[in-house]
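This briefing covers one protein chain, with notes grouped by topic. The sequence and structure come first.

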Amino acid sequence: IFSAVLRFGMGSFLSPLAAQFVAGIVFINLVLMLFNLVPVPPLDGSKILFSLLPYHLRWVEDKLNQFSLPLIIVIIFGIGGVIYPVTLFLFRFLTGFGL
């Protein structure tokens with residue numbers, strides 16, 4: 001809804017501060033969406049991965065569940081270089097302008 005406000009010109013009725021606030025809401029939601037798709041338990045991307053894995057590769061699920069906390073910490077500090085450009089692309093696609 002907030003990206004539609006910015007995309008279809010309804011943002012022109014907002015003050016510049018309110019438009020920046022709405023853009024921030026869109027950006028933060030995109031970052032959280034992409035982070036949640038990382039295939040490490042307990043994130044939702046792991047459920048997608050595990051549903052697509054054949055039965056003989058179920059050991060991957062056990063290993064990821066075993067080391068999920070250290071993996072999430074590594075991902076938080078190391079995945080910004082991947083998530084940021086994808087987030088910018090999606091932000092521009094949804095809102096029609098860049099940051």
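Leu30 touches Thr87, Leu90, Phe91 and Leu94, leaving out residues up to four places away in sequence. Leu30 itself sits in helix α2. The model is predicted, and its pLDDT averages 87 over the protein.

**Confidence**

- A pLDDT of at least 70 is reached by 96% of the residues.
- Among the elements of the protein, helix α2 (residues 16-36) has the highest mean pLDDT, 92.
- Helix α5 (residues 68-78) has the lowest mean among the elements, at 86.
- Where pLDDT is low, predicted coordinates should not be read in detail.

**Leu30 and its contacts**

- Leu30 has a relative accessibility of 7% and therefore counts as buried, the cut-off being under 20%.
- Leu90, one of the residues that Leu30 touches, is 60 residues away from Leu30 along the chain.
- The C-alpha atoms of Leu30 and Leu90 are separated by 7.6 Å.

**Ser3 in helix α1**

- Ser3 belongs to helix α1, which spans residues 2-7.
- With a relative accessibility of 18%, Ser3 is classed as buried, because the class takes in values under 20%.
- Setting aside neighbours within four places in sequence, the contacts of Ser3 are Val26, Leu94 and Thr95.

**Arg92 in helix α6**

- Arg92 is placed in helix α6, residues 80-95.
- Its relative accessible area is 44%, so Arg92 is partly exposed.
- Beyond the neighbours within four places in sequence, Arg92 is in contact with Arg7, Phe97 and Gly98.
- Arg92 and Val31 are 61 residues apart along the chain, and 13 Å separates their C-alpha atoms.

**Helix α3: two sides**

- Helix α3 covers residues 44-52, and its buried residues are Gly45, Ser46 and Phe50.
- These three lie on the same side of α3, because they cover an arc of only 135 degrees around the axis.
- The buried residues of α3 pack against α2 and α4.
- Ser51 and Leu52 are exposed on the other side of α3.

**Nonpolar surface patch**

- Which residues form a nonpolar patch on the surface? They are Met33, Leu37, Ile48 and Leu52.
- Together these residues have about 400 Å² of accessible area.
- Leu52, found in helix α3, has a relative accessible area of 67% and so counts as exposed, the cut-off being over 50%.

**Salt bridge**

- How many salt bridges are there? The count comes to one.
- The salt bridge is formed by Arg58 and Glu61, whose closest N and O atoms are 3.4 Å apart.
- Both residues lie in helix α4 (residues 58-66), with a spacing of three residues, about one turn of the helix.
- Arg58 is partly exposed at 28% relative accessibility.
- Glu61, at 24%, is also partly exposed.

Conventions:
Residues numbered from 1 in each chain as written. Predicted model: local features only at pLDDT ≥ 70, side-chain atom pairs only at ≥ 80, totals over all residues. Heavy atoms only, no water. Patch = residues over 30% accessible without salt bridge, like charges linked within 9 Å, V, L, I, M, F, W, Y side chains within 5 Å. Areas by Shrake-Rupley, 256 points an atom, 1.4 Å probe, with all protein chains shown as cover. Salt bridge = Lys/Arg side-chain N within 4 Å of Asp/Glu carboxyl O. Helix = DSSP H or I, 4+ residues; strand = E, 2+ residues; numbered from the N terminus. Buried < 20%, exposed > 50% of the residue type's maximum accessible area, 1.4 Å probe, protein only. pLDDT = per-residue confidence, 0-100. Contact = heavy atoms within 4.5 Å. Arc of directions from axis to C-beta.
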